[in-house]
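This report goes through one chain by element and by residue. The sequence and the structure come next.

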Amino acid sequence: MDCSSSKETPPHKAWWTGETVAVVTGANRGIGHALAARLAEHGLSVVLTARDEARGAAAAAELRARGLPSVRFRRLDVTDPASVAAFASWIRDHVGGLDILVNNAGVSFNEIDTNSVEHAETVLKTNFYGAKMLIEALLPLFRRSSGTSRILNLSSQLGLLNKVRDPSLRIMLLDEGRLTEQEVEAMASRFLAQVKDGTWQDHGWPAVWTDYAVSKLALNAYSRLLAARLRGAVAVNCFCPGFTRTDMTRGWGKRTAEEAGRVAAGLALLPPADLPTGKFFKWSTPQLYSKL
């Protein structure tokens, strides 16, 4: 599967039109900005969101100045229920619905070689709870065209099950027939409670960037359950861009945000006949060694 073709050569025959609406969160910079640009280059109508009004508006204006008039900005703070509700209302009343949602907004406060959980609540609130709240608010507004409606959640291999050191937690997450969204939320709440009482290191959570990893572990599990719930209506997948040079990695990384945005766009625009659901893509390859 080649999801990294150049601008001049689309990855496949276009199934979308200029009326196809893609929402990209956290898109004022980094991978989100590169992805929004790529989708606009392919002719989609792109809604670029950011928490900061001025930076988001400037990011959208810069793309329009590059000859991409289909990009518009709308402020969105995924951690704020009022902001999410207002954004959903705006999509309904002024856009008329959406076809693609890319949950790119995310935070981490650790340096490359540190593992502090000082900001764990903010990390979970943004990376997991915020993404989930936005998805649930926008679900009624998807056009629900089989094969074209899709959600792509930016995730990380740090949140794969092979990073979980607690056997009972791994068993719970692997039990596809019994795992519920409530249990996933309870897992995230349990981690935050252990952070507050100082016992989080004793419970087998992922060892690297633990708060970020747990947020992505929860997002991956929720995505798998959501994919099952929406099967046949909206495809749900996760994408790990790997070690990418962004503000989050303090400029360290093996690839650029533009390269990651190109691959993410290829996944977001997969032809309906090739579009899976419930998959975790590490770069452009669906991973078979570990479940979401």
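The buried residues of helix α3 are S83, V84, F87, A88, W90, I91 and V95. Viewed along the axis of α3, these buried residues fall within an arc of 160°, so they line one face of the helix. The face turned away from that buried side carries P81, A82 and D93, which are exposed. The cover over the buried residues of α3 includes three strands, β1 (21–24), β2 (45–50) and β3 (71–75), together with helix α4 (120–138).

The model is predicted. In it, α3 runs over residues 81–95 and has 15 residues. From the first C-alpha to the last, α3 reaches 20 Å, close to the 21 Å expected at 1.5 Å a residue. The N-terminal end of α3 is capped by D80, which has a side-chain oxygen 3.0 Å from the backbone nitrogen of A82. After α3 comes G96, with a positive phi near 95°.

**The chain as a whole**

There are 8 helices and 10 strands in the chain. Of its 292 residues, 53% count as buried. When contacts between residues at least 6 apart in sequence are taken, 74% of them join residues at least 24 apart.

L101 is buried, and its relative accessible area is 0%. Leaving aside residues up to four places away in sequence, L101 touches V23, T25, L134, I135, L138, F142, R150, I151 and L152. For L101 and L138, which are 37 residues apart along the chain, the C-alpha atoms are separated by 8.8 Å.

**Aromatic pairs**

A pair of aromatic rings is described by the distance of the centres and the angle of the planes. The count for this structure comes to 6 aromatic pairs. Two of them are set out below.

| Pair | Centre distance | Plane angle | Class |
|---|---|---|---|
| W15 and W16 | 5.6 Å | 90° | edge-to-face |
| F128 and Y129 | 4.9 Å | 50° | tilted |

Why is the pair of W15 and W16 edge-to-face? The planes of these two rings are at 90°, and the class holds planes over 60 degrees apart. Both partners are buried: W15 has 18% relative accessibility, and W16 has 9%. For F128 and Y129 the planes are at 50°, so the pair is tilted. F128 is buried, with a relative accessible area of 1%, whereas Y129 counts as partly exposed at 23%. Ring pairs also bring in Y222, linking F128, Y129 and Y222 into a cluster.

**Cysteines**

How many disulfides does the structure hold? The number is 0. The cysteine sulfur closest to that of C238 belongs to C240 and is 9.9 Å away, too far for a bond, because a disulfide requires the two sulfur atoms to lie within 2.5 Å.

Are C238 and C240 buried or exposed? C238 counts as buried at 0% relative accessibility. C240 is buried as well, with a relative accessible area of 3%. Both values fall under the 20% that sets the limit for a buried residue.

Notes: Residues are numbered from 1 along each chain as its sequence is written. This is a predicted model: local features need pLDDT of at least 70, side-chain atom pairs count only at pLDDT 80 or more; totals for chains, interfaces and linings use all residues. Side-chain values use heavy atoms; hydrogens and water are left out. Buried means under 20% relative accessible area, exposed over 50%, partly exposed in between (1.4 Å probe, protein chains only). Helices (H or I, at least four residues) and strands (E, at least two) are DSSP runs, numbered from the N terminus. The expected span of a helix is 1.5 Å times one less than its number of residues. The arc is that of the directions from the helix axis to the C-beta atoms. Contact means heavy atoms within 4.5 Å. A polar contact is a pair of N or O atoms within 3.5 Å; within protein, one must be able to donate a hydrogen and the other to accept it, and residues adjacent in sequence count only if both atoms are side-chain atoms. Rings of Phe, Tyr and Trp (its six-membered ring) pair if their centres lie within 6.5 Å; planes under 30 degrees apart count as stacked, over 60 as edge-to-face and the rest as tilted.
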